[in-house]
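Hello,

Here is the structure I promised to hand over. My notes follow below it.

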Amino acid sequence: MLYGRFVLDGDFPEVLRRAAAGDASAFARLWRDTHPPLLRYLWVSAGDAAEDVAADVWLEVARRIGSFRGGEHEFRGWLFTMARRKLIDRHRYEARRPVSPTGDGELLDRPAADDTGTAALDYISTETALALIATLPRDQAEIIVLRVVVGLDANAVAQIVGKSPGAVRVAAHRGLRTLRERVADGTVTSPGRGGVTL
Amino acid sequence: MRVSAASLAEMWSSTRKRNRLSPDEATAELLLSRRHLGRHAPADQRTLEMVLAAAAGPATERELAGETAAVTAFLAALPEPEPARRRGPRRLPALAVAFALVAIVALCGTAEAGALPAPLQRLAHQAINAPAPPPDAGVPRPSADVTPGPGAKASTGSGPSQEARTGKPSVSPKPTHTSDSQGSGNGQPTASDNAQSGTTDNGNGNGGTPGQGGNPSGHPTGNNGNGNGQN
């Protein structure tokens, strides 16, 4: 039994065709299906910049979706390759122009007025899991998210990250081994994002 | 170089290890493929499975909160549909030009053959020197009495006939036998002229009224021959 799922499956070609023709409802279906894993992938790799990078990715999708050819798996590979390139661009940009934190971060972290307790608990649950994965070295965390959260196989991930499928497997196995050790400890401490308690 | 049996055994063993997944690696592949390990898996592996399942869990409301903004941005960034914007303006003029060319060529050909309706033929005659329409075309046919027809009236002038003025040769397939209408150029018809030419060309032989015989160019036309049924 699989956890995680592809929402569109057989409907994907029709949904993609309509979205490429400018159908907003079809695009919304694509977005609902793909945005959550995209956001999680970007969050593990880019932290708080995930929302901005995701918005850039979707703008790029809107401009180029008319020329895309392929099925749902190809679409995911295309989308996450685009996301990874934007991440790399952002890392380079930030390396050239380091930004000092301002008071805006506190404002952005304020919860929305319509947040319910249940939604917050659900989010924390997923957030905790992602925070644990984010404690891994970046390449291992990226590969595990692409495989487990996005649902791509080793070959597709290898194409996205520019490594061989064997190297992808090795990195993923190492990452899982580390995760298991940290899970066995019960408490994980992430220097960048605070402690994660299971 | 000699290889000891021990090293060969070690190489064989490492090759087998590379080709077969260890139990840990097999478990890792199950986890990476998002498959459940089952109840008999060790506790730490099951906890790890729960963590990965939570990471791949259903979308949260907070993650989907930006849908409206995303769709708005999509509509704003979407390029115009290619067929509507690019093909339309390019194909329509091409088709229109093609149709216009065909229509012009067909019109000119028909005008040169003298087969247009009289008003159009007259227009073509003035515009592109096409053959003039027969003078009696498009006008009420006179009765059989002595009233001269418009053709005769038009040809009473001393000037040259239409063909002589335009310099275009007559489109008559056969010349008439009367030297009167051809030679003098005044186109005064006679009943015998008309009868003769009509008989020669169309075989009707029924004689005509003076009006009908008033073809200034003296050549037989369809009207000359065929319209003589009014006796």
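B:Glu67 and A:Arg32 form a salt bridge, with 2.6 Å between their closest N and O atoms. B:Glu67 sits in helix H4 (residues 67–77) of chain B and A:Arg32 in helix H2 of chain A, so this pair joins two chains. Please keep in mind that the model is predicted.

A second salt bridge pairs the side chains of A:Arg147 and B:Glu29, at 3.4 Å from N to O. Between chain A and chain B the count is four salt bridges. Over all chains, the structure holds 16.

Now the interface as a whole. Chain A gives 47 residues to the contact, and chain B gives 39 residues. Together the two chains bury about 4000 Å². Carbon and sulfur atoms account for 67% of that area.

Back to helix H2 of chain A, this time within its own chain. H2(A) spans residues 24–46 and packs against H3(A), residues 50–64. Their axes are 9 Å apart, at an angle of about 140°. The two helices are therefore oblique to each other. Their crossing is right-handed.

Which residues meet there? On the H2(A) side they include A:Phe27, A:Trp31, A:Leu38, A:Leu42 and A:Trp43. On the H3(A) side, A:Val53, A:Ala54, A:Val57 and A:Trp58 are among them. The residues of this contact divide into 13 nonpolar, two polar and one charged.

Best wishes

Key: Residues are numbered from 1 along each chain as its sequence is written. Chains are lettered from A and ligands numbered from 1 in the order in which they are written. This is a predicted model: local features need pLDDT of at least 70, side-chain atom pairs count only at pLDDT 80 or more; totals for chains, interfaces and linings use all residues. Side-chain values use heavy atoms; hydrogens and water are left out. Axes are lines fitted to C-alpha atoms, for helices over the stretch in contact, and angles run from 0 to 180 degrees between N-to-C directions. Helices (H or I, at least four residues) and strands (E, at least two) are DSSP runs, numbered from the N terminus. Angles under 35 degrees count as roughly parallel, over 145 as roughly antiparallel, 65 to 115 as roughly perpendicular and the rest as oblique. A crossing is left-handed if the near helix is turned anticlockwise from the far one by less than a right angle, and right-handed if clockwise. Contact means heavy atoms within 4.5 Å. Ala, Val, Leu, Ile, Met, Phe, Trp, Tyr, Cys and Pro count as nonpolar, Asp, Glu, Lys and Arg as charged, and the others, Gly among them, as polar. Buried area is the accessible area (1.4 Å probe) that two parts lose on being put together, summed over both.
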